Amino acid sequence: MAAYLCPPAVIHGEHTVETSRLVAEVRDRHPHAAWAPRIDSIAASTGIEARGWMLPLEAAVAPGRGGGLRAGAIGPAQEALARDGFTQQEVDRVIAALEAVPAPQTVEERTAPAWEAVQAYGERAARGALQIAGLDPADVDCLITSHSTTPALPGLDIALANKLALRNDVLLLPATQWACVAGTRSLALAADLVAADPDRVVLVVISEALSTTYQPADDTLESLIVRLLFADTAVAAVVTGRQRRESVLRLDSAWHHTLPGTQDLHRLDTRADGTHFVMDRRGPRAVQETVTAMWEWLRVRYQDSPGSWHPDLLLAHPGGTRVLEYMEQTMPDTWPSGLLDHSRDSYASGNRGGAAVFDIMRRAHDAGQQPGSHAVLYAAAPGLTATALEGEWL
């Protein structure tokens, strides 16, 4: 399978949003929610003090441009009031009052600016990755993209093909719905592509504005947790079939796993006021099943050297620190401690969705790795589905 990965470019959201500001905004908006007395402890339990967003918090909580009575409803409302015996003066007063009521943003008002940011951040990450790899846009043979929280058609692949002026014969592979598994699954696909043609150059770009799912009106405990967790990030990396001077990691094998009957545990819902991330409390336990399955894959892969092989680092994005703890509790006792340090470090500034594994990889690279170190990359996503890769640091 051997595929060679250059260091990723990582572009964090430039608007710092402190957890204290989120807590204050949510507390003011939902003072009587069942979880309101515990909001400070809930926020502290995430371990996140601040995260970066592509757009400021004010953009997420601002009211919509229209009033409580949308333009298309004004005529019918006037007619209904007149039929009920209201005078024209009374009708005018009621309509004016309804129009003055702040309305939530529409899905267009929430998504359109985020989509523009996703494209801009994606372009920056792509150019950064090419520069790191010592390549030009003309060298790219295939572009793999993912952006799950800003649905668009055409998508990020077409946008970047134009912004980067890629060749007309470049293979474009958009994967909008990969979500949190985009980092590992895009690398697995890229590895298959360069295995078929070692001269291929594959550029992977993942740009996620997870803050688009911040919905001020939601008052469930799950929506509170989502608001506290998500961060915005764009990442990109170059994968080649032949080792380059800039290559830092060789990918040797990939593993995929899907749990049947779990498609409703985590999902995106598109409603009138935008995109909502729906999180089920049963999700982490289901993700743990994919971790157990991954341990078995590694056990079988290295069954001829059960006592000598172990990863030197785990670049893992299972959705949260709860599953990271499960990973630590269930990995073989003979494995060294601290394998998940870079994963924990990444989570300390937010859940980056599909961009997370590349962010974790960048942290590991910047910390310095010994050549020959064994790495396992793992991520799980709504579905529930997971992909892992195993390789060696160069």
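Tutor: Start with charges and rings. A charge sits over a ring if NZ of Lys or CZ of Arg is within 6 Å of the ring centre and within 35 degrees of the ring normal. This is a predicted model. In it, R124 lies over the face of Y121, at 5.3 Å from the ring centre.

Student: Which residue lies over the face of Y214?

Tutor: R227, at 5.5 Å from the ring centre of Y214.

Student: How is a pair of aromatic rings described?

Tutor: By the distance of the centres and the angle of the planes. Here the count comes to six aromatic pairs. One of them joins F230 and F277: the ring centres are 5.4 Å apart and the planes stand at 80°, so the pair is edge-to-face. The cut-off for that class is an angle over 60 degrees.

Student: Where in the chain do F230 and F277 lie?

Tutor: F230 is in the loop between helix 9 and strand 8 (232-240), and F277 is in strand 11. The two are 47 residues apart, and the pair links distant parts of the chain.

Student: Are F230 and F277 buried or exposed?

Tutor: Both are buried. Another pair has a different topic to show, the angle. The rings of Y302 and W309 have centres 4.1 Å apart and planes at 5°, so this pair is stacked. Y302 and W309 are buried as well. They also belong to one aromatic cluster, formed by W295, Y302, W309 and W335.

Student: Which residues line the second largest cavity?

Tutor: R27, H30, P31, W35, A36 and I39. The space in that cavity is about 30 Å³, and its lining divides into four nonpolar, one polar and one charged.

Student: What about the largest pocket?

Tutor: A pocket is an open set, unlike a cavity. The largest pocket holds about 1,100 Å³ of space. Of its 47 lining residues, L229, H266, F277, M279 and G319 lie nearest its centre. Helix 9 gives the most to this lining, with five residues. The classes are 23 nonpolar, 18 polar and six charged.

Terms used
Residues numbered from 1 in each chain as written. Predicted model: local features only at pLDDT ≥ 70, side-chain atom pairs only at ≥ 80, totals over all residues. Heavy atoms only, no water. 1 Å grid on protein atoms, 1.4 Å probe; cavity = no way out; pocket = protein on both sides within 12 Å on 5 of 7 lines; lining within 4 Å. Points joined across faces, edges and corners; volume = space filled by probe spheres on them. Nonpolar A, V, L, I, M, F, W, Y, C, P; charged D, E, K, R; others polar. Helix = DSSP H or I, 4+ residues; strand = E, 2+ residues; numbered from the N terminus. Phe/Tyr/Trp six-rings, centres within 6.5 Å; stacked < 30°, edge-to-face > 60°. Buried < 20%, exposed > 50% of the residue type's maximum accessible area, 1.4 Å probe, protein only.
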